[in-house]
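Have the structure open while you read.

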Amino acid sequence: MKRRDFTTALLAAPAAPPRIKAAMFGTGHGHATSKWKALSSMPEYEFVGVANPESNPALANVARLSMDAVLDDKTIEMVAIESHDYKRNLEYAQLAIASGKHVHLDKPPGTSYEGLRDMFAIAREKKLAVQLGYQWRYHPGMNDVLDAARGGKLGRVYRFRASIDKPARETSPYKGGMMFIEGCHLVDRATALLGKPRKVTGFIPGDDNNLVVLEYDGVIAEISVANGDPNGNAHRYVEVIGTKGTAKASPFAPARVHFHLEGEQPRSYDPPPFPTYTPDFAELAATIRTGKKPSYSFEHDLMTHRVLLEACGML
């Protein structure tokens with residue numbers, strides 16, 4: 001190729017979209033460090049710093065910004081909300097939305113149904129994206145299980161059951177115990193498959209042993225959290241049972257998927273590696289830059305939050 005032709009072709013190539021400047025409010029959430037690493041490593045983003053930091057040695061040397069500086073800076077387009085205080089997280093998100101920022105709001109998205117509802121309404125009016133931090137939405141093994149159920153591979157689904165046991169005992173300052181903090185992930189997986197339940201029953205005697213039952217026409221969903229199970233990570237699972245067989249993701253990391261279908265031998269396999277949080281932020285970047293429709297709507301997220309709060313006796 002001649003130099004002139006090469007130069008012409010180079011000039012004609014579409015320019016890469018500008019990187020999205022991103023900041024973080026709070027650093028005490030259990031996901032904060034990994035989300036900072038993801039945002040800092042991805043070509044779609046330019047991570048500029050954190051505001052209102054909490055105790056987190058991993059982020060001790062990250063640039064500090066004031067919240068007002070972030071909110072007033074029109075070049076910062078997205079804020080990740082990562083405080084250990086879930087009530088405060090929703091308040092941070094509301095401030096960011098009011099200032100015209102797109103938001104990644106970590107789970108669970110606050111303690112108020114009305115607050116989340118109103119924030120979504122403002123975000124919709126301003127054409128802003130709000131992504132909730134339910135990490136298992138992008139888990140390839142879990143998605144294989146749910147896709148098999150949606151596609152009819154399991155026949156008529158009549159049971160969903162899941163557990164997200166914790167290997168180290170923690171206490172929760174919230175009425176919903178560990179179901180509110182950890183079980184929210186699985187409530188989201190149940191509603192993603194089954195939709196809005198007709199009845200929600202929570203058994204939350206304390207932090208250690210939580211159970212939620214969601215009732216649908218012809219389907220029961222059972223979600224549990226055992227707090228302080230020394231082998232909790234290995235016991236985590238999502239299982240869907242139908243008239244033609246069962247699909248199960250267990251454990252979540254390293255991921256393993258199991259199918260046992262009618263008339264077939266059981267089979268298990270390892271799904272593709274799960275890059276923590278980069279699929280979430282890649283989708284958010286596409287929504288911000290290209291208008292890609294998010295995988296989960298405001299309606300789904302609000303319904304799921306209502307189910308969670310009701311299950312935890314917080315509504």
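**Notes on the sheet and its helices**

1. The strands concerned are S6 (residues 157–163) and S9, which pair in the parallel sense over 5 bridges. Strands and helices here are DSSP runs, numbered from the N terminus, with at least two residues (E) for a strand and at least four (H or I) for a helix. Two strands count as paired if DSSP finds at least two bridges between them.

2. Before going on, a word on the source: this is a predicted model, in which local features need pLDDT of at least 70 and side-chain atom pairs count only at pLDDT 80 or more, while totals for chains, interfaces and linings use all residues. Residues are numbered from 1 along each chain as its sequence is written, and side-chain values use heavy atoms, with hydrogens and water left out.

3. Next, the other partner of this strand: S8 (residues 209–216) and S9 pair in the antiparallel sense over 8 bridges. Glu215 stands opposite Ile220 in S9. S8 and S9 make a hairpin with 2 residues between them, and Gly218 in that turn has a positive phi of about 80 degrees.

4. Which residues of S9 (residues 219–226) are on its covered face? They are Val219, Ala221, Ile223 and Val225, while Ile220, Glu222, Ser224 and Ala226 form the uncovered face. As background, side chains in a regular strand alternate between the two faces of the sheet.

5. Zooming out, S9 belongs to an open sheet of 8 strands with mixed pairing, in the order S7-S8-S9-S6-S10-S11-S12-S13. S7 (199–203) and S13 are the edge strands, each pairing on one side only. On average, neighbouring strands of this sheet are turned by 10 degrees against each other, direction ignored. Further along the order, S10 (residues 237–242) and S11 (residues 245–249) pair in the antiparallel sense over 5 bridges, with Ile241 opposite Thr246 in S11.

6. Now the helices on the sheet. H7 lies across S6, S8, S9 and S10 and runs at about 155 degrees to S9. H10 (residues 298–311) also packs on the sheet, where H10 touches S7 and S8, and its direction makes about 45 degrees with that of S7. Contact means heavy atoms within 4.5 Å. Axes are lines fitted to C-alpha atoms, for helices over the stretch in contact, and angles run from 0 to 180 degrees between N-to-C directions.

7. How do H6 and H7 meet, and at what angle do their axes cross? The axes of H6 (residues 140–150) and H7 (residues 177–194) come within 10 Å and cross at roughly 25 degrees. The two helices are therefore roughly parallel to each other (angles under 35 degrees count as roughly parallel). From H6, Met142, Asn143, Leu146, Ala149 and Arg150 meet Arg189, Ala192 and Leu193 in H7. By type, the residues of this contact divide into 5 nonpolar, 1 polar and 2 charged.

8. Glu264 is partly exposed, with a relative accessible area of 43% (buried is under 20%, exposed over 50%, partly exposed in between, with a 1.4 Å probe and protein chains only). The C-alpha atoms of Glu264 and Gly245 are separated by 9.3 Å, and these residues are 19 apart along the chain.

9. Lastly, S1 (residues 20–25) and S2 pair in the parallel sense over 6 bridges, and Ala23 stands opposite Gly49 in S2. In S2 (residues 45–51), 5 of the 7 residues are buried, so this strand is largely enclosed by the rest of the structure.

Conventions
Angles under 35 degrees count as roughly parallel, over 145 as roughly antiparallel, 65 to 115 as roughly perpendicular and the rest as oblique. Ala, Val, Leu, Ile, Met, Phe, Trp, Tyr, Cys and Pro count as nonpolar, Asp, Glu, Lys and Arg as charged, and the others, Gly among them, as polar.
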